[in-house]
Amino acid sequence: MTTVSMTVNGKQVSADVAPNTLLVQFIRENLRLTGTHVGCDTSQCGACTVHVDGDSVKSCTMLAVQADGADVTTIEGLAQNGELHPMQAAFKENHGLQCGFCTPGMIMSAVDLVKRNPNPSEETIRTELEGNICRCTGYHNIVKSVKAASENMGG
Amino acid sequence: MSVENGIGASVRRKEDQRFITGNGHYLDDINRVGQAYGYFLRSPHAFAKISNIDLTAAKAAPGVVDIFTGADMVADGVGGLICGWGITSKDGSPHNAPPHNSLAVDAVRHVGDQVAFVIADTLQQAKDAAELIEVDYEVLTPVTNISKALAPGAPQIHEEAPGNLCYDWELGDKAAVDAAFANAAHVSKIDLVNNRLSPNPMEPRAALGEYDAGSEELTLHTTSQNPHVARLIMSAFLGIAPENKLRVIAPDVGGGFGSKIFVYAEETTTIWAARKINRPVKWTSDRSEAFLTDAHGRDHVSHAELAMDNDGKILAFRVSTQANMGAYLSTFASAVPTYLYGTLLSGQYKIPSIYVEVQAGFTNTTAVDAYRGAGRPEATYVVERMMDTAARDLSMDPTEFRLKNFIQPDAYPYETPVIMTYDSGDYPLAMNLAKEMIDYDGFAARKAQSEANGKIRGIGTAAYIEACGIAPSAAVGSLGAGVGLWESAEVRFNPTGSVTVFTGSHSHGQGHETTFAQIIADKLGVPIESVEVVHGDTSKVPFGMGTYGSRSLAVGGSAIVKAVDKIVEKSKKIAAHLMEASVEDIEHEHGVFSVAGTDKQMTMGEIAFAAYVPHNYPADLEPGMAENAFYDPLNFTFPAGTHIAEVEIDPATGIVDIVDWAAADDFGNIINPMIVEGQVHGGVAQGIGQALLEGVVYDDDSGQLITGSYMDYCMPRADDLPSFRITTTNTPCPSNPLGVKGCGEAGAIAAPAALMNAIVNALGKDIDMPATPEKVWRAINSN
């Protein structure tokens, strides 16, 4: 067992984990933050996307020990003081989700996307979201949501 | 008077708040104190006999609670998995449904077949122990291709199905069709493969089984589209527990697309094992297991012929199809290539006679069952590829050929030669609208422009029809269904005026919590935030047949309307009593009850309160305000429309770029346009996936699944798809009180044919799905 400590959604957390524990397992099983989902086993679907030190990361592709000392944000930490993040609000407003399973990862990726591309074109949004699979929406309304959020985020 | 958030409003979804904040409760998010973890040892072989399973070392491994094999379940009297729809072959014999044990007993018949269930304190321990199980296999030669499986001399997969035949079914008037072909001026022919797909809802299947030794109750949390049906089958056929001792809960479910209708081996084994070890057991599929075991879709091989007269009028249509059932007959598998397929072969066309024959057979592959559209995409693909081929043979524009042969808007009810009675529609309207949207007439100029740029442009149309709102119980019963297909609802007012709606439908992305609440808001004037929709729990909902076949609104919504009608009827009596008028004089609109010709009125909330605090109340009336209703539809519903795809192909790479997509769909009345559009987007995306990207591939010799992960099975990504332009036409459905038709499957039904017709139009030659860049490039570069 190895001790890992990190900040998750602004809170200091620490636990003893097996060295092969994935960050997503640590988040879901140790912290019981179940908004971060697992949809595949080949790092393709992106349902597990979180932010590590501000960058989007597929948390199934990182060991918990690699995140030792990091500042991690999950979907549960995105809204501030009960106010939805503009990306969350845009997904709701534009029907950017159906079953909701890919949504947390999609939103976390999209937030990072807009951070790096403040005024993204449709093409940029589609290319940037290539690492997140949604089976319900056909991406049409996801693209619309991200575009709308980018405008509201001051892009 | 329209009501805020009522019928017709694009109300933002109530359920979204929990999903966008990470507060949904999907199956794997649920845990129980002391739960153990289950892991399935699966067959590495496509076809093998099992002579021995040695568990000694595995049982002694750290953390192992117990390990079960097929013999244990048989000894415990657990029955095999069943198929709930009996198909009768041409010769009058019932279909062959070989035994299907949850855990293999003496043979495995596809890669991934369940061999043993290992339960340990942690998942890692269960996986490690599984590696210590020693199974003696006698490996046999497998067959995965349906045509090869049905050919003489193929490996025999089940003793009970000679020649691997499940059934040899027919529908229609063969003699009339043959006669029409004999006298036809033109005959067009086409051979088609409808590629096998893996449904891939983003949430993998999972199960959490619990046993309460005190009450002897079993509770199964499961990723199901129809928890009551799962309970019924597990009780009546598998003998897991009586229905009153078995609670099935399907919480937030992350997509289904058909694949979560079925009663699977894993969920069955998990709940059975929970009682055996008297401890909660959780099993969560990983994606690799999902590819190996979630029921696949499609996998048809078809030959079709169309007979026409000199003017291009259709005289007759005949189709011969081979359908791959996989290794075992899944829950509704038999119905998909028959009554959900053959019955739709008239499409939108007036065709005097039709004959279809379908041979379904077994192979050493994952079971095939309903996947978004289920039979109807296969039918539309045959019909619409056929129409384009015929138009090409006659040198006619494909849309003109279709318009010439459409059933006309004044022809309803229209009885097809394949036992459907279409109730309403306006096919020319939708087609002309779609043509206008995509500027069909401007295509030639755009094609010339593409050509100037070194690209090949194509345009393709699909005019689809589907039978939804599944289904009138008497009708499906006469065709072999083992269940009725009604739906139930309860509308329960709370004393303070809020409402809880219990529905037997199940939402796994469709937005029922919003759409159904809109019906209540509209009809009873209750603010939408005061309406709670409850589904997916057999101990809360009276009963339910679940969600598939675009039935939730047409059948489940109609059940809610029936319950609302009873609420209104009772409320009128209370209102009459309290306002000292006769019941006949009480008028009702959107939850306001008034006395005709006066300004006296009461709200639904006031009446509900009076019903629960009945101090001043009609003497002959029961207190309380809760009504339930069961609704059995009178007919299927028939959504229909036209999708037109325009593509540009780069001959250097073979990459197909979808440059435009226009759709005009007739879904009848629409409750929430935003949700309906979203359903079409998603359906079209899955259809495009089938046409361009997706395809389950098995190695012919070994029977190994080659496309077993997202590295190998090409799922549509954001940058594979265009934005869509869609609109709706509306001819209300006459057979249900909401006038709705269903929209969930339309896109997946229309899209493959539209897109493939566009690609064939561009290439000038036939090509099968998926039209991958390699396949397209080869088509361009071959003679």
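In this predicted model, the lining of the largest pocket draws on both chains, since at least two residues each come from β2 (11-17) and α1 (23-30) of chain A and from β1 (36-42), α4 (123-130), β12 (281-284) and α9 (287-293) of chain B. Of the elements involved, α1(A) gives the most to this lining, with 5 residues. The pocket has a volume of about 1,400 Å³, and among the 45 residues that line it, those nearest its centre are A:L22, A:Q25 and A:E29 from one chain and B:L123 and B:K127 from the other. Sorted by class, the lining holds 16 nonpolar, 15 polar and 14 charged residues.

We can turn next from pockets to cavities. Searching the whole structure gives 11 cavities of 30 Å³ or more. The largest cavity contains about 780 Å³ of space and is lined by 49 residues, of which B:T547, B:Y548, B:G549, B:S550 and B:R551 lie nearest its centre. Two or more residues of this lining come from each of α15 (512-524), α16 (552-578) and α18 of chain B, and the lining as a whole divides into 24 nonpolar, 20 polar and 5 charged residues. The second largest cavity has a volume of about 180 Å³, and 17 residues line it, those closest to its centre being B:H100, B:Y264, B:A265, B:T293 and B:A367. Its lining consists of 9 nonpolar residues, 7 polar residues and 1 charged residue.

The crossing in which α3(A) passes α5(A) is right-handed. On the side of α3(A), the contact is made by A:M106, A:A110, A:L113 and A:V114, while α5(A) brings A:I142, A:V146 and A:S150. Of the residues in this contact, 6 are nonpolar and 1 is polar, with no charged residue among them.

Terms used
Residues numbered from 1 in each chain as written. Chains lettered and ligands numbered in written order. Predicted model: local features only at pLDDT ≥ 70, side-chain atom pairs only at ≥ 80, totals over all residues. Heavy atoms only, no water. 1 Å grid on protein atoms, 1.4 Å probe; cavity = no way out; pocket = protein on both sides within 12 Å on 5 of 7 lines; lining within 4 Å. Points joined across faces, edges and corners; volume = space filled by probe spheres on them. Helix = DSSP H or I, 4+ residues; strand = E, 2+ residues; numbered from the N terminus. Nonpolar A, V, L, I, M, F, W, Y, C, P; charged D, E, K, R; others polar. Left-handed = near helix turned anticlockwise from the far one by under 90°. Contact = heavy atoms within 4.5 Å.
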